[in-house]
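Welcome, and thanks for taking a look at this one. Below is a short briefing, grouped by topic, to read alongside the coordinates.

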Amino acid sequence: MNLDLISSFRCFDGTQRIYRHLSETTACEMRFAVYLPPAAQIKKVPALFWLSGLTCTEQNFITKAGAQRMASALGIALIVPDTSPRGDAVPDDKESYDFGCGAGFYVDATRAPWSSHYKMYSYIVEELRDVITRAFPVDSSRLGISGHSMGGHGALTIALKNPEVFRTVSAFSPIASPIECPWGRKALAGYLGDNQTDWEQYDASSLLKNIGWHGPEILVDQGEADEFIDTQLKPHLLEQAAQCADVHLRLRLRPGYDHSYYFVSTFIDEHLQHHARHLKSL
C-alpha cells in the first residue's frame, strides 16, 4: 500500500488529511480525505464514508459541511473519496457536467471506454475500504455511509447491497430512482448500456423493493425548495419503495431548503449522531 500524504491540518483536536494513491480498481490516481478524531489516537473508531455529488471532489464536503466538530465530539472518522476517476488517460465527456469525470455515479461501468476506469462501486466497497481499515485506526466492523445527491444515490445503493459492511446509511437529497430521471438514465445508459434490467442494481428504489434493508432506520433529508426535487430526485419513489418493503425510512422534508451545502451543513450533525448512535451500539 503506497499512500501519498498531500496535506494535514489540526482540526478540533483531530486531523484533517488528504491522500492520493494509485488505484488498481480505477487504473488511475485517486484522492481521498480522512478526518481522524482525537479518540483515534488511543483506539480504533467507527467511520462514516461520505459520497459527494455531481461535479464535486473530496474538497466540497470537508470544506463546506462543517462536519469535523461533531465528528470529533462523537469519536467518529470521516472518509471522503473523490466522485470519479480522473487524469489524462481517463475518458471524459467534456460537454457534460453530469457524465464522465465528476460524475462516476458509483457504478461499475461495463461499456467501453468507461469500463476501463469507471469502477467507483468496487473502489468504494472493496479497495478504498481495505485501504482505510488497514492504514488507519478504523474499526472495520463499524462502518456507515452517507452522501448528497448523486452521492446519496451511491450511499443508498452501496449500503443496500452490502449490509454486512455498511451497517448504517443516510442521505441528503438522493437521486432516489435513477431509472426514472434524466440524470440517471443518461449515466446508466452510458456506463452500462441499454438493458434497463442492468440498471436496477444501481437504483435505490428498485433495490429496496427487491432486497429490502434490515439495519437501523434509513435517514433521508430533502429540501422542499430543491430545484431538482420533482424532476431528478423524486423522493416519493423511495418512500413508496420503503413502504412496499416494510423498511423503516425516516424521510424529512425540510421547508425552504435547497440543494446546496448550506442545507447539508444545517443537518449534518444530526446525521453524524444517527450513525454514531447505531455504530457504537454494535
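A charge counts as sitting over a ring if NZ of Lys or CZ of Arg is within 6 Å of the ring centre and within 35 degrees of the ring normal. R254 meets that description with F267, lying over the face of the ring at 3.9 Å from its centre. Please keep in mind that this is a predicted model.

- Nine strands make up an open sheet with mixed pairing, in the order β1-β2-β3-β5-β4-β6-β7-β8-β9.
- The edges are held by β1 and β9 (249-254); each has a single partner strand, so one side of each is left without a neighbour in the sheet.
- From one strand to the next, the twist averages 20°.
- Helix α9 (residues 235-245) lies across β8 and β9, and runs at about 155° to β9.

- Strand β2 covers residues 14-23, and seven of its 10 residues are buried.
- The hairpin of β2 and β3 has four residues between the strands, with A27 in the turn at a positive phi of about 55°.

**A closer look at S23**

- Is S23 buried or exposed? S23 is buried, because its relative accessible area of 2% falls under the 20% cut-off.
- The side chain of S23 makes a polar contact of 2.6 Å with the side chain of E127.
- A polar atom of the S23 side chain also lies 3.1 Å from the backbone nitrogen of T25.
- Leaving aside residues up to four places away in sequence, S23 touches C28, M30, Y123 and E127.

**Aromatic pairs**

- How many aromatic pairs does the structure hold? There are 17 aromatic pairs.
- One of them joins W114 and Y118 edge-to-face, at 5.5 Å centre to centre and 80° between the planes; both W114 and Y118 are buried.
- Another aromatic pair, W183 and F228, is tilted, with 4.8 Å centre to centre and 50° between the planes.
- This pair links distant parts of the chain, 45 residues apart: W183 is in helix α5 (residues 182-192), while F228 is in the loop between β8 (218-223) and α8 (229-233).

**Charges over rings**

- In a second case, the charged end of K161 sits over the ring of Y121, 4.3 Å from the ring centre.

Conventions. Residues numbered from 1 in each chain as written. Predicted model: local features only at pLDDT ≥ 70, side-chain atom pairs only at ≥ 80, totals over all residues. Heavy atoms only, no water. Helix = DSSP H or I, 4+ residues; strand = E, 2+ residues; numbered from the N terminus. Buried < 20%, exposed > 50% of the residue type's maximum accessible area, 1.4 Å probe, protein only. Polar contact = N/O pair within 3.5 Å; in protein donor to acceptor, adjacent residues only side chain to side chain. Contact = heavy atoms within 4.5 Å. Pairing = 2+ DSSP bridges. Phe/Tyr/Trp six-rings, centres within 6.5 Å; stacked < 30°, edge-to-face > 60°. Axes fitted to C-alpha atoms, helices over the stretch in contact; angles between N-to-C directions.
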